[in-house]
Amino acid sequence: MERMMFPYSTYTENYKSIFGRKIPVGFIYTMNVTKKQMDDLGYMQGLKFSEMLLERIFGYCESLVVNDTYQFDDYSKYVVTVFDEAKKAKVREKEFPVDCQKAYDLGAKFTKIDL
């Protein structure tokens, strides 16, 4: 992400962008942790800082965070003792279609943003 932003950053007052236009930028974070774990560990503070920088350079930024993701097709092939595969499978079954719709809606929103 930093390499994407660096060429358009300047060392001027307010660190103005030289990108030349405004575009909406979106990130979808697929997080292996639960929302509670994210909150407890302060993940959002770091993500919000990144969004602020992206918005300064490109004009608009919005993110979608997807939590408690199903990480492997076959958990038996990996050493994984801290996650309950059955629980993750249930979360995936219930939440994945909802998250896909949210991602679609975010993309649709970007087509309507007038910067």
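**Close-up views of a predicted model**

Arg3 is exposed, at 56% relative accessibility. The model shown in these views is predicted.

**View 1. Arg3 and its partners.** Arg3 pairs with Glu2 in a salt bridge, where the closest N and O atoms are 2.7 Å apart. Glu2 counts as partly exposed, at 44% relative accessibility. Arg3 also lies over the face of Phe6, 4.7 Å from the ring centre.

**View 2. The largest nonpolar core.** Eight residues make up this core: Met5, Phe19, Val25, Leu53, Leu54, Ile57, Phe58 and Cys61. Helix α3 (residues 43–58) gives the most to the core, with four residues. Apart from it lies another core of five residues, including Met31, Val33, Met38 and Leu47. Nonpolar side chains tend to be buried together in soluble globular proteins.

**View 3. Phe58 and Tyr8.** Phe58 is buried, at 3% relative accessibility. Leaving aside neighbours within four places in sequence, Phe58 is in contact with residues including Met4, Met5, Tyr8, Phe19 and Val25. The structure holds eight aromatic pairs. One of them is the edge-to-face pair of Tyr8 and Phe58, with 5.9 Å centre to centre and 70° between the planes. Tyr8 lies in the loop between α1 (2–5) and β1 (23–30) and Phe58 in helix α3, so their pairing ties together parts 50 residues apart in sequence. Tyr8 is partly exposed, with a relative accessible area of 28%.

**View 4. An aromatic cluster.** Tyr70, Phe72, Tyr75 and Tyr78 form one cluster. Phe72 is buried, at 18% relative accessibility. Tyr78 is partly exposed, at 44%.

**View 5. Lys35 and Asp39 in helix α2.** A salt bridge joins the side chains of Lys35 and Asp39 (3.0 Å, N to O). The two residues are four apart in helix α2 (residues 35–41), a separation of about one helical turn. Asp39 is partly exposed, at 43% relative accessibility.

**View 6. A buried salt bridge.** The side chains of Lys88 and Asp68 meet in a salt bridge (2.7 Å, N to O). Lys88 lies in helix α4 (residues 85–112) and Asp68 in the loop between β2 (59–66) and α4, so the bridge ties together parts 20 residues apart in sequence. Both Lys88 and Asp68 are buried. Salt bridges with shared partners join Asp68, Lys87 and Lys88 into one network. The whole structure has seven salt bridges.

**View 7. Arg92 over a ring.** Arg92 lies over the face of Phe96. The distance from the ring centre is 5.7 Å.

How values were computed. Residues are numbered from 1 along each chain as its sequence is written. This is a predicted model: local features need pLDDT of at least 70, side-chain atom pairs count only at pLDDT 80 or more; totals for chains, interfaces and linings use all residues. Side-chain values use heavy atoms; hydrogens and water are left out. A nonpolar core is a set of buried Ala, Val, Leu, Ile, Met, Phe, Trp, Tyr and Cys residues joined through side-chain atoms within 4.5 Å. Buried means under 20% relative accessible area, exposed over 50%, partly exposed in between (1.4 Å probe, protein chains only). Contact means heavy atoms within 4.5 Å. Rings of Phe, Tyr and Trp (its six-membered ring) pair if their centres lie within 6.5 Å; planes under 30 degrees apart count as stacked, over 60 as edge-to-face and the rest as tilted. A charge sits over a ring if NZ of Lys or CZ of Arg is within 6 Å of the ring centre and within 35 degrees of the ring normal. A salt bridge is a side-chain nitrogen of Lys or Arg within 4 Å of a carboxyl oxygen of Asp or Glu.
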